[in-house]
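Subject: Handover of a structure

Dear colleague,

Please find below the structure that I am passing on to you.

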Amino acid sequence: ENQVDNPDFNMVYLCKAVGLSNTQLHRKLVALTGQPPIKLMRAIKMNKAKELLISSALSISEIAFQTGFSDPSYFSKTFKSETGFSPKKYRQKMK
């Protein structure tokens, strides 16, 4: 969660940070969470984005950057595929 805003945070970075190989990390995270690391990292980013959409007046682009996406349109596309709503619609629905 500390790296949620880092667009360079990926599996290689995570493996180095925790001192495990890709295979070991994958096995441990699936055993602990039931999700592969990539899906877990995306879920963390999406949860942070949802929180920011509801509790802040930041623009969609600013939220994209604060959740580690370097392209706001890719963020919107990913958010919609994960939640079924565009970030704008999600914000309107939740407020």
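The notes below cover the nonpolar cores and then the pockets.

This is a predicted model, in which local features need pLDDT of at least 70 and side-chain atom pairs count only at pLDDT 80 or more, while totals for chains, interfaces and linings use all residues. Residues are numbered from 1 along each chain as its sequence is written, and side-chain values use heavy atoms, with hydrogens and water left out.

A nonpolar core is a set of buried Ala, Val, Leu, Ile, Met, Phe, Trp, Tyr and Cys residues joined through side-chain atoms within 4.5 Å; buried means under 20% relative accessible area with a 1.4 Å probe, protein chains only. The largest such core has 10 residues, including M46, F69 and Y90. The helices α3 (37–55), α4 (60–66) and α5 (72–83) each supply at least two of its residues, and α3 provides the largest share, 4 residues. Helices here are DSSP runs (H or I, at least four residues), numbered from the N terminus. A second, separate core of 8 residues includes C15, L25, L29 and L40.

On a 1 Å grid over the protein atoms alone, a pocket is an open set of points where a 1.4 Å probe fits, with protein on both sides within 12 Å along at least five of seven lines; lining residues have an atom within 4 Å of a point. The largest pocket has a volume of about 270 Å³, and among its lining residues are P7, R42 and Y74. Its lining draws most on α3, with 4 residues.

Conventions. Buried < 20%, exposed > 50% of the residue type's maximum accessible area, 1.4 Å probe, protein only. Points joined across faces, edges and corners; volume = space filled by probe spheres on them.
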